[in-house]
Amino acid sequence: MRALERKMIRDLLHMKGQAVAIASVIACGLAVFVGAQSTLWSLKSARDAYYERNRFSHVFSSLKRAPNPVAERALEIPGVRRVDDRIVKGVTLDVPGLTEPATAKLISYPDRGEPTLNEIHLLVGRHADPLRTGEVVAEEAFATEHGFRPGDTVDAVMNGRLQTLTIVGICLSPEYITTIQGGSLWPDDRRFAIFWMPRRQMEAAFEMEGAFNDLALSIVPGANEAEVVRRVDRLLAPYGGLGAIGRDLHLSHRFVSDELKQLQTMSVIPPSIFLGVAAFLLNVALRRLLTLQREQIAALKAFGYSSREISVHYVSLVGLIIAAGSLVGCLLGTWMGRSMTEMYAEFYRFPTTLFHVDYRVLFAGCALTFSAGCIGVLAAVRSAVRIQPAEAMRPEPPPNYEPSLIERLGWHRILPQAPRMILRELTRRPAKAIMTTLGIAFACAILIVGNFGKDAVDFLIDFQFGLQERQDASISFYEAVPARAISSMRHIEGIEAIESFRAVPARIRFSQFSRQTSLQGLGPKRELFRLLNTDGEEVDLPPDGLVLSAALARILHLEVGDRVRIEVLEGERVVREAPVVGLVDDFAGTSAYMDIRALNRLLREPPVISGAWISIREGAEESVFRELKETPVVAGVTLQRIAVEGFMDSFAENLLRMRLFNVTFACVIAIGVVYNSARVALSERGRELATLRVIGFTRGEVSTILLGELAFLTALAIPAGFAIGYGLCRFISTALETELYRIPLVLNPPTFAFAALVVVGATILSSLLVRRGIDHLDMVAVLKSRE
Amino acid sequence: MDSPPEIQAVYEAHDLTKVYHMGEVSVHALRGVDIHLYEKELIVLLGHSGSGKSTLLNILGGLDIPSSGEVFYRGNRMSDFSESELTRYRREHVGFVFQFYNLIPSLTARENVALVTEIANDPMKPEDALALVDLDERMDHFPSQMSGGEQQRVAIARAIAKQPDVLLCDEPTGALDLETGIMVLEAIDNVNRELGTTTAVITHNSVISDMAHRVIRLRDGQIESIVENEEVKPADQLNW
Ligand SMILES: Nc1ncnc2c1ncn2[C@@H]1O[C@H](COP(=O)(O)OP(=O)(O)O)[C@@H](O)[C@H]1O
Ligand SMILES: [Mg+2]
């Protein structure tokens, strides 16, 4: 090894504490980047491969009923590649061990051979036999939730008749990577099943011989999807078409895509913070090293080392730190990615093992890290080596201690010695003090961001189920029934309150913009289901006109007062016009609301309702559900709150894991910054401190001077961190906003307290480490050496 | 040129000045210095502290640039040297011994010497160079484990190990006691005699001048006198 390389290794060993601290910060940043990016790419490639292999369709449309030849006509639409016509029906299930009714979606499957689109992926068991009644293949989520194995049975009310279904196989489907029902934000795998049944059996059970009620299409690459959607709508309109949608409105696809978008954000924001902090730390540490080695640099130049060789020497030293951090970061990131992907696999079901590390991700991460790390130091190195060797032989002039602001204000007279020295040091180099404060503040901010997700979700659940949807269950009917049907239900023992609603699928159009949604008619008395703004204020529902979700208004580019076209997608498919009279600034969804009587009027129908919300007396749930199951008009009962609670249990576990990551990372940053600053301060002021010791200051007093500075900066950093954290959360909440939901900017006091606590803890820990250095301050050596 | 034809001038400096600007004040470190250094000779630069000795030596060694005037190294104008030529000049031709040793603290004696031999054209082995200054026993010690005299000898070994054409020493005995001072001077003297290296030694101790071929005295940034010694004494016979 060459002598210069030896020097580099020994210099590195000499500053090993700092090197480890900086490398750790780098490792964390890279780990998050690699973890999030490789999860992102793993999910993306798994999804794309799955879509490709199982021929996931591009355009979807439900309809009332059409004869089979209509499907063939869809093939003639330019740009359409394949068409698959199916029968899809909702049924009520009676699942053993589940008192409340569950619902299932039955999807027809070709009697033999593969479907042209949306092929299922059989995990265990076999395909259903078209010649046997009641055989189905079940989607895995529901089967797993109830422990169903091939051979198990479940009762279903099909077309008004009770039938026993036998699960013969368990499968996955590209259409249901996550099984979320329309109108819901969370999957309810306990109460929502998807079954595939042979076409012949479906036709028999639902009297659909020679007909279909659901169409899936794939398009050729480059085809105009919007145009295909329009043509499909035109084709199916006479057959009760409910409006075609592309993948962007397909629930499962949309959830997965939103998740990928979030991962993308996550792979950018935290790593930027980490790498920024690391660049700052490297800069401070290297500048100190260059100052200490001014004369060594001069000597090297005098011996004939070129500026380039010397630059390479120092940049390599930095490079080694970055390389060590990168190596650990890549390993840690791979591990993180694996564990995140496992986590996702609980919610998103793919047939293949997901996780793989893309070498391009590792490469990009390392390149990013090296450029961030080197940018900060190149300028410092360049100016250090540019100096004339003779000039550098002379020690740097002593720092300029002009009377600072404090002196000029006369504060020093009222401050005791130690705070005075601390304040003087801080005002002498404000830039460094600010950067150190910022570094610690970012640690604090990361902790806040880490808990933001939980605070927001807690708030959303409280908001939605405590204020907005206070019903215990919602009942849906097979078809609209006269409003008075509700009075019979009012008498079911255990139902305390009931509110009916009317819901029709409709497409709302304004100039060239349109969106398919559910148009909901609400009663005048809204206590179970309320229309609320994000600030919890109740929104008025005028006797006429539409109130839209603010998100829907944005999609349609309209304002209050505009008139929209409403194309109803069921029944006689009437087309009407109505003014928008208000907006509701809600968190989720793109709904449209009207007064129920106004809606009945608009549709020129008698007073009919589509369903009802009920509240149930405590303890009476079982009997109420039993009774409802036997009511013929009831198609299904959903209990969103229970669904969400179940979902939250598994979600909480993952949150805990993410929180652990965050706390570790924030500690690494806080310790990295504090320890590094203290080390540099100790090196810069070692002489001064040793002198103080010589003239009789105690270790404690000397420590107070050095560490008091850090304590002071930490105290400044915490409120700054609160502000930065809040700002980041605000940014994230906008960045992650999707059509499906908006994330409320809510941060609870415990989140702030926790962040402050961890930062203070990290500061104390690193102070203790540096305190050891102060205790071992070699007074004689420091004073003897020339500087 | 005024040099005897058989002896080539290694350095020729004409009307060198050097002004340092420190804020409002300018310090005139050199005010018009003309000097020649010849092949194989040993000169001593004398003068009070602040008289410009180090400044002059640094300019000759390519560590600093004059404010005005010209220096020729073997007929080449040094102000014409590019950055990389200057680096090569320092690397291949000059051995420098600094007043404050300037050893790399993180390297052992041997490694400090190797630092220079690794980039030189025809170097000695670091071990041999250290043996020349009587330090073969302490090769693997770090600077902090050595006395000032020992460190200075390492610095000399480091300067001579590359077998330079010129050896420039800035107060090599300044920080040393008498005995170690003599040892260090002996080492320099040896190199001059045995390898024929052109050598310039700065001191403010006039006793040392007895070992030189010529003694140049600086005062206030100007040459006060140049004295040629009839008899050159070896270092161990100097009268302290
Ligand atoms: N880098 C510098 N900046 C300002 N003044 C300098 C610098 N180097 C030397 N000087 C001044 O130039 C003068 C000559 O210095 P120097 O050559 O080191 O003297 P000597 O080596 O004879 O003691 C002194 O007054 C010194 O203070
Ligand atoms: Mg000097």
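Residues are numbered from 1 along each chain as its sequence is written, and chains are lettered from A and ligands numbered from 1 in the order in which they are written. The model is predicted, so local features need pLDDT of at least 70 and side-chain atom pairs count only at pLDDT 80 or more, while totals for chains, interfaces and linings use all residues; side-chain values use heavy atoms, with hydrogens and water left out.

I begin with chain A as a whole. Its C-alpha atoms fill a box of roughly 100 × 60 × 50 Å along the principal axes. Chain A has 23 helices and 20 strands; these are DSSP runs, H or I of at least four residues for helices and E of at least two for strands, numbered from the N terminus. Of its 787 residues, 56% count as buried, where buried means under 20% relative accessible area, exposed over 50%, and partly exposed in between, with a 1.4 Å probe and protein chains only. The domain assignment, whose bounds come from an automatic or database source, gives domain 1 (54-259), domain 2 (429-468 + 641-787) and domain 3 (473-638). Between the C-alpha centres of domain 1 and domain 2 of chain A, the separation is 51 Å.

Next, the sheets. Two strands are taken as paired if DSSP finds at least two bridges between them. In chain A, an open sheet of four strands has the order E2-E10-E1-E11, with antiparallel pairing. Strands E2 (80-86) and E11 (245-246) of chain A stand at the edges with a single partner strand each, so one side of each has no neighbour in the sheet. Six bridges connect E2(A) to E10(A) (residues 211-219), and Arg86(A) has Asp214(A) in E10(A) as its bridge partner.

In chain B, E4 (residues 68-73) runs antiparallel to E1 (residues 9-22), with five bridges between them; Thr17(B) stands opposite Ser68(B). E4(B) is also joined by two bridges to E5(B) (residues 76-77). In that hairpin, which has two residues between the strands, Arg74(B) takes a positive phi near 45°.

I turn to charged contacts. A salt bridge here is a side-chain nitrogen of Lys or Arg within 4 Å of a carboxyl oxygen of Asp or Glu, and the count over all chains is 41. Arg601(A) pairs with Asp544(A) at 3.8 Å. This pair links distant parts of the chain, 57 residues apart, with Arg601(A) in helix H18 (residues 596-602) and Asp544(A) in the loop between strands E14 (513-522) and E15 (546-549). Shared partners join Arg126(A), Asp129(A), Arg132(A) and Glu135(A) into one network. Within it, Glu135(A) and Arg132(A) meet at 3.3 Å, N to O; Glu135(A) is buried at 6%, whereas Arg132(A) is partly exposed at 46%.

Finally, the cysteines. What is the count of disulfides over all chains? The search finds zero, a disulfide being a pair of cysteine sulfur atoms within 2.5 Å. The sulfur of Cys366(A) lies 3.8 Å from its closest cysteine sulfur, in Cys330(A), and is therefore too far for a bond. Cys667(A) is likewise in no disulfide, the nearest cysteine sulfur, that of Cys28(A), being 9.8 Å away.
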